[in-house]
Amino acid sequence: MDKQAFPHTARRPQSAGRQSPAQSPQKTDDTRDMAVRIRVRNIDFYYGNSRALEKIDMDIYKNRVTAMIGPSGCGKSTFIRLFNRMNDLIPHTRLDGLIELDNRDIYSSGADVVDIRRRVGMVFQKPNPFPKSIFENVAYGLEVNGIRNKKLKEARVVDSLKKAALWEEIKDRIHESALRLSGGQQQRLCIARCLAVDPEVILFDEPCASLDPISTRKIEELLLELKESYTIVIVTHNMQQAARVSDYTAFLYMGKLIEFGETQKLFTVPRNKMTEEYLTGKFG
Amino acid sequence: MNRERLYRWIFTALAFSSLFFLVGITVVLFKEGLPVFREVGLFEFLGGKSWYPTYEPPDFGIRPLILGSLWVTVGALFVCVPLGVGTALYLNELAGPRQRAVLKPIVEVLAGIPSIVYGFFGMVLVAPFIQDLFNIPVGQTAFTGSLLLGVMATPTVASIAEDSLSFVPKSFREASFAVGANRWQTLTRVVIPAAGSGISTAIILGMSRAVGETMTVLMVCGGAAVIPDSFFEPVRPMTATIAAEMGETVMGSAHYHALFAIGLILFLITLVFNVVAEIISRRYRLKLGLGR
Amino acid sequence: MNGTKTVPFPRAGGFPKFHLRNLTQRIGFFFLFLSVMVTVLFLGVLLVFIVARGIQVVNWEFLTQPPREAMTAGGVAPAILGTFYLTLGAILCALPLGVACAIYLVEYTPKSYVVNLIRMSINNLAGVPSVVFGLFGLAIFVKFFNFGVSILSGSLTLAIMVLPSIISASQESLLAVPQSYREASLALGASHWQTIRKVVIPTALPGILTGVILSIGRVAGETAPIIFTAATFYTRMYPSSVFSEVMALPYHIYALMTEGVHADKQAPIAFGCAFILLCLVLCVSAIAIYIRQKQRSKYG
């Protein structure tokens, strides 16, 4: 257990409302039978004294793509970084409320942060390969998680690179430095690195923010393939992208969840006036 | 604007002072050091096994002195690398803001203590302690010198290594944590390799400091100009030789020139260390994409 | 997007449940902690030992009287005064030179190869062993300029030695002056030099002072460069001019421990000197840290 791993972060003081199985909020008819992968109940998140997220309830469904949209600074990145406890790295932050992964509270005192991070992978805004070779980048996650068998390791590196649709382009130079790849390739490498440790959920934090349109399209295609096997959460400020790739969309504004529902419905008949204004470009 | 141009000229001239002094030191060392080679050949000087500058005829073999410097410097590395790098890692990775606020000034104070005080401390406390501990005839040995030099070089290593650790982009750590590495794995497999050249620079500069240190080794190494058999015997590093003997020489004598030649060798050694450190740190910044 | 559906990625799993890595992490962190503790402990022992023994000898007489009875009694006033003169002289020489060099590098933006050349020489000068500065001072100031073993020779030698740190400190604080200050001044019709003198230097002054104060600590404690250029073991005389040779605290410690015949009576005096030096260095660091903190809180 890596209990004392991040001493800066104050733990949630009380085991706020362990009411699972909790009532799903805003549940629409077509989601009733869906398996919930991540359950978020009544959370508030603070940086120091300022509240970044306020009273959010939400479900992330298994094998679906959930998009978070909203103007910049609305808290969408902060929100998904809670799912793999990445915010623990930031000093003076506090979380109230409950977040469950497969019905288990990931912020409970017995939770193994390191294992949670393996199960909930993350792809960052800016491609962040290590200054190592392509192979080493992908193998890194396997090694730190205790896989030493060389054959198994190689097989899974190749497999992951194939899954990330990168293998064909780089198969002759997997021992070259990852920093020599193009931005789009680097981002797919980061996806491969994430896939290698076999996560259940993958968080994408604006994965295309620094990419050109062609690379962006490749990543979007990849997302659609990946949802067959993974639960995907993607933060994007690009509404078209959300519409293209996601099954569910959440609209956040000023740290609040304004609307959450099936993408098609949310984009065509938003229930909330603010959502409508945002979608039609009236603000943001 | 004539005055403006005048000021510019003055500042330009003054700015080159360090270059001027550096060149001056080089010239002086060569001019005063080279004449010794009229008395003794270069290889005999560097490789000669005995240093008896005041005998008749004198022996100017500085191999024992070079070995003395080498021994204490290598010994110091065994102290300052773990302590310095360990302290830097602790400050950068584990210490909270409050601990940092206490520890960083401590490191600074340690760096500010004059070498004569270390030497004095070594002479009155550390050397007798080591003499008793290992039950050896004298406490002033290469080991004692290494120990003190190591502690003296620790702040240098710690502060430069800490700088280079803080340059490691946050995204590297995040990427490592995101695939389920724990903190130690992230530290040893991502952060340290990324800061590797910075840490090597720190170690080289620490070594450079240890090689050039004078008063401490003069006081605690025992001062015997013989080739040592073990770490627990007295040695006489190059710096100590210069400091101890310059006062007794006749200006312009062969001994005098020999001491300058030793100074020249010391100067060249530290110059090489600094240049290597500079090259490594420049490469390191390129590698991390930090520009020049 | 169409038709390229692949077989779902097989759930590979297979990660070992029990990880040695948690144990490794504990052990690793313990060693990091240990290295810090050893460093702190060493400093602690050194301070406690020297303060405890030194404080017994230091009194008013020790600070104000010259030594008596062949260095076995009396005070160390000439050594304190000598160190004061040497330090003052060195800072007076190095400060204008160092600040001028920093001003040139920051304010007159020379071509990059010039900057690199100067930076390289500063770095290398900073790495030169102190005893080599002593040799240089001996050959140039004592011999060539014929200043003899004197305050002047010693101060000049120390000044060259401390120059790199003064330059770096000044450069850093000049760089920290916001560009907008310079622009505001130039926009009001001030000349380049007026801007430097009236706006840039006053703003950078606390930073420069911090650097200078830290340098004082270093100069006052340096021994090797003054052994052949300024210091003498025993004199009852106070220095009369810049050409006098002087006693100095750090050299006095060395001499007390290695020369003379009454080692048992000399050692306590050495403790006193070491204590004074330590106090000086600690005060100097404390002042510098204080100024820096104050400065930081001022600029946020």
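A salt bridge is counted here where a side-chain nitrogen of Lys or Arg lies within 4 Å of a carboxyl oxygen of Asp or Glu. By this rule, 2 salt bridges are found across the interface of chain C and chain B. The structure is a predicted model, in which local features need pLDDT of at least 70 and side-chain atom pairs count only at pLDDT 80 or more, while totals for chains, interfaces and linings use all residues. Residues are numbered from 1 along each chain as its sequence is written, chains are lettered from A and ligands numbered from 1 in the order in which they are written, and side-chain values use heavy atoms, with hydrogens and water left out.

One of the salt bridges between chain C and chain B joins B:Glu278 to C:Arg119, with 3.4 Å between the closest N and O atoms. On the side of chain C that touches chain B, helix H1 (residues 21-54) of chain C gives the most, with 19 residues. Helices (H or I, at least four residues) and strands (E, at least two) are DSSP runs, numbered from the N terminus. By class, this side of chain C has 54 nonpolar, 18 polar and 4 charged residues. In this classification Ala, Val, Leu, Ile, Met, Phe, Trp, Tyr, Cys and Pro are nonpolar, Asp, Glu, Lys and Arg are charged, and the others, Gly among them, are polar.

With contact defined as heavy atoms within 4.5 Å, chain C contributes 76 residues and chain B contributes 77 residues to their interface. The size of an interface is often given as the accessible area lost when the parts come together. Buried area is therefore taken as the accessible area (1.4 Å probe) that two parts lose on being put together, summed over both. For chain C and chain B this area is about 7,000 Å², of which carbon and sulfur atoms give 78%.

The contact between chain B and chain A takes 19 residues from chain B and 30 residues from chain A. About 1,900 Å² is buried between these chains, and carbon and sulfur atoms give 63% of that area. There are 2 salt bridges between chain B and chain A. One of them links B:Arg189 with A:Glu143, the closest N and O atoms being 2.4 Å apart. Polar contacts between chain B and chain A amount to 7 residue pairs, both residues at pLDDT 80 or more. Helix H8 (170-178) and helix H9 (183-194) of chain B are the elements that give two or more residues to the side of chain B that touches chain A. H8(B) gives the most, with 7 residues. This side of chain B comprises 8 nonpolar, 7 polar and 4 charged residues.

Chain B has 13 helices and 2 strands, and its C-alpha trace spans about 75 × 70 × 30 Å along the principal axes. Of its 292 residues, 57% count as buried, where buried means under 20% relative accessible area, exposed over 50%, and partly exposed in between (1.4 Å probe, protein chains only). Helix H12 (residues 238-245) of chain B has 7 of its 8 residues buried, so it is largely enclosed by the rest of the structure. The buried residues of H12(B) are B:Met238, B:Thr239, B:Ala240, B:Thr241, B:Ile242, B:Ala243 and B:Glu245.

Chain C contains 11 helices and 2 strands, in the order α-α-β-β-α-α-α-α-α-α-α-α-α from the N terminus on. Buried residues make up 51% of the 300 residues in chain C. C:Ile166, in helix H6 (residues 151-175) of chain C, is buried, with a relative accessible area of 1%. Not counting residues up to four places away in sequence, C:Ile166 touches C:Ala94, C:Leu95, C:Gly98 and C:Ser215.

In chain A, the mean pLDDT (the predictor's confidence in each residue, from 0 to 100) is 85, and 88% of the residues reach 70 or more. A:Glu206 lies in the loop between strand E7 (201-205) and helix H7 (213-226) of chain A and counts as buried at 10% relative accessibility. Its side chain makes a polar contact with the side chain of A:His237 (2.7 Å).

Conventions: A polar contact is a pair of N or O atoms within 3.5 Å; within protein, one must be able to donate a hydrogen and the other to accept it, and residues adjacent in sequence count only if both atoms are side-chain atoms.
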